[in-house]
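Me: Got a two-chain model open here and want to go through the folds and the contacts. Can you take my questions as they come?

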Amino acid sequence: MIRLENVTRVYPMGQAQVQALAGVSLDIAEGSFVALMGPSGSGKSTLLHILGLLDRPTSGRYLLFGQDVGTLDEQARTRLRRESIGFVFQFFHLLPRLSALANVELPMLFAGIPKALRRKRATAALEAVGLGERALHRPDQLSGGERQRVAIARAVVMGPRLLLADEPTGNLDRASAREVMELVVGLHRKGLTVVLVTHDPDIAAYAQRVVRMADGRLVEDREGAR
Amino acid sequence: MRFEDALAFAWGSLRGHRLRAALTVLGVSVGIGAVVALTALGEGARRYVVQEFAALGSNLLVVLPGKVETTGAAPFGGVVRDLTIDDALAVSRVAGVHKAAPLASGAETVRWGDLSRAVPVLGTTAELAEVRRLAVREGTFLPQRDAFAGGYEIVLGSKVAAELFRGQSPLGKTVRVGPYRFRVVGVLAPRGRGLGFDFDELVFIPVQTAMRIFDRTSLFRIIVECERFEAMGAVRSRVEKVLVERHRAEDVTVVTQDALIAAFSSILRALTWALAGIAAISLLVAGIGIMNVMLVSVTERRREIGLMKAVGVANRQVAWVFLLEALLLAAAGGALGSTLGALAVRVFVSFYPSFPAAAPLWAYGAALAVALGVGAGFGSWPAYRASRLDPVLALSGGRA
């Protein structure tokens, strides 16, 4: 489903250039659960952003669902993000002024889905993450774990094929982290392809496959414990 | 994306910063209010002048001695003949003319007892009362008699009567105008200003007497009332023709009030536009206020913008919701400003009831349109910036 061919990413930083990715080739099969590990600055977040079409490689090819997305215009990439990719972030990125329900509705709002249908699907998504009761709470009335579950509901409400998670448990206590990871595992079991960035081996242990990075390269690729 | 959803979303963002949004709205409303109020004052001034002229009677012609040459050249021969009482009588016989009143003017001290007052003195005939619709409070206007007969009757303006006689009735009393003695036959009802004269401060005496005591050979004006407003153009040319025949030269000017009204009206309309233009500067300032608030908002909401992009919101949708916020601020400012402006006009009118200040309806429409234009103009750059943010940097909260 995902194929990266010798992908590089170079950032200009003042006069110097920073090579975040120094030639990465990677295949990820549909339905797999991959953990990307590595120290800070190893390029794992950059890789995740490229996978999620938020960033473009400096060179190399990226094929998503068999399509070379480097040739797509911004509009087509936006549509892919909206319909086929879900994001979960370390800092949740919920809109503080909106209720949990409205936050989950957000992607559907901009997709032009009518209000009644939005409400129904967002409510179902919140129930699926165990927050049906707290739909009308605002983020500041929710715990960290609950916020991340709202964010997961938002990520999957459009029915994506790929879930990208950037340190989803980085800001959570262990109990909340376990709840969140059990949700992710459940989504994976239902067929969702998951790529998760973490530097916590306990979290990586949930994955089927662990890819380690250092200095913008892949340094290890092994099947996980599960 | 549905419009009502975008509107609700933009509204929700504004509600997140009530104070800031309220202050921005206030800024716009001051600008719009100023435009509405100043337009109302300018328009009021125009109406005031038009009314003043119209009070003169819309079917009046005024004959002035001397030809107003648009080229500035002196008339051929260079001699301007006097406008005489005979001319006035000839004009009064022109077909279509209802009445013609001669006017001779001067200024003299009027005395009664040991009180005196310097006043403008108008020499005229009984016809003037009809032509100018003058009402008397006491007594009568000048007696109906031959214009050449002269006589020593005087009619006082209400203020002159009040100041000289201090509550006593002046009727039948003898006042001195300069060295001459006149018998008071009437006092005008208060009338106020009209075309350069304050009728309350005038006195009227027979025209022949005025010509003599002021040593005038020419009348100051002939005021002509036409029978029908529609025929004024034709009457005007006939009056001109009669006077040209009598003088053997084109040495008089006949003006209609319409022309004067139109000229003043257009001057004052230009003034109104100028006032609105000055007020529009405050709108410019308000627009910069909108831009500032929206730029702050874009900077503060970088993560939100990054998130929107991550969940597949298109760049133009990002721009649209930010632009919509600016438009909402501007529209609210426009609505509030129109109300404030209308209120200011009301307060003004309650202090000066005679001044017909009122913003024309188009001013409200234009104010709202201008407000939206300002919102769109000054909101589009922040909106564009929001849409161009790099999602990765925006999500990390870093600077682009």
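This is a predicted model: local features need pLDDT of at least 70, side-chain atom pairs count only at pLDDT 80 or more; totals for chains, interfaces and linings use all residues.

Me: OK. In what sense do strand 3 and strand 8 of chain A pair, and over how many bridges?
Reply: Strand 3 (residues 33-37) and strand 8 (residues 193-197) of chain A are parallel, with four bridges. Within that pair, Phe33(A) is opposite Val194(A) of strand 8.

Me: Which strands make up that open sheet, and in what order?
Reply: The order in chain A is 6-7-8-3-9-10, six strands with mixed pairing. Strand 6 (85-88) and strand 10 of chain A are the edges, each pairing on one side only. On average, neighbouring strands are turned by 15° against each other, ignoring direction.

Me: What does helix 5 of chain A touch on the sheet?
Reply: Helix 5 of chain A packs on strand 6 and strand 7 (162-166) of chain A, and the direction of helix 5 makes about 165° with that of strand 6.

Me: And the hairpin of strand 9 and strand 10 of chain A, how many residues sit between the strands?
Reply: Two residues, and one residue to look at in this hairpin is Asp215(A), with a positive phi near 50°. Strand 9 (residues 209-214) and strand 10 (residues 217-223) of chain A pair in the antiparallel sense over six bridges. Arg212(A) has Glu220(A) in strand 10 as its bridge partner.

Me: There is also an open sheet of four strands. What's the order?
Reply: It runs 2-1-4-5 in chain A, and the pairing is antiparallel. Its edge strands are strand 2 (16-28) and strand 5 (67-68) of chain A. Strand 1 (residues 2-13) and strand 2 of chain A share ten bridges, and Val7(A) has Val24(A) in strand 2 as its bridge partner.

Me: Switching to helices. At what angle do helix 3 and helix 5 of chain A pack?
Reply: About 30°, with the axes of helix 3 (residues 100-110) and helix 5 (residues 144-156) of chain A 7 Å apart. Angles under 35 degrees count as roughly parallel, so helix 3 of chain A is roughly parallel to helix 5 of chain A.

Me: Left-handed or right-handed crossing?
Reply: The crossing of helix 3 and helix 5 of chain A is right-handed. Helix 3 contributes Ala100(A), Asn103(A), Val104(A), Leu106(A) and Pro107(A), while helix 5 contributes Val150(A), Ala153(A) and Arg154(A). By class, this contact has six nonpolar, one polar and one charged residues.

Me: Now the interface. How many residues of each chain are in contact?
Reply: 20 residues of chain B contact 22 residues of chain A. On the chain B side, helix 1 (3-15), helix 9, helix 10 and helix 12 (391-396) each supply at least two residues. Helix 9 of chain B gives the most, with five residues. The side of chain B that touches chain A has ten nonpolar, five polar and five charged residues.

Me: Where is Ala314(B)?
Reply: Ala314(B) is in the loop between helix 9 (302-310) and helix 10 (315-351) of chain B. Gln75(A) and Thr78(A) are what Ala314(B) touches, leaving out residues up to four places away in sequence.

Me: Is Ala314(B) buried or exposed?
Reply: Ala314(B) is buried, because there are 21 C-beta neighbours inside 10 Å. The C-alpha atoms of Ala314(B) and Ser387(B) are separated by 8.3 Å, with the two residues 73 apart along the chain.

Technical notes: Residues are numbered from 1 along each chain as its sequence is written. Chains are lettered from A and ligands numbered from 1 in the order in which they are written. Axes are lines fitted to C-alpha atoms, for helices over the stretch in contact, and angles run from 0 to 180 degrees between N-to-C directions. Angles under 35 degrees count as roughly parallel, over 145 as roughly antiparallel, 65 to 115 as roughly perpendicular and the rest as oblique. A crossing is left-handed if the near helix is turned anticlockwise from the far one by less than a right angle, and right-handed if clockwise. Two residues are in contact if their C-beta atoms, placed from the backbone, lie within 7 Å. Ala, Val, Leu, Ile, Met, Phe, Trp, Tyr, Cys and Pro count as nonpolar, Asp, Glu, Lys and Arg as charged, and the others, Gly among them, as polar. Two strands pair if DSSP finds at least two bridges between them. A residue is buried if 20 or more other C-beta atoms lie within 10 Å of its own, exposed if 12 or fewer, and partly exposed in between; C-beta atoms are placed from the backbone.
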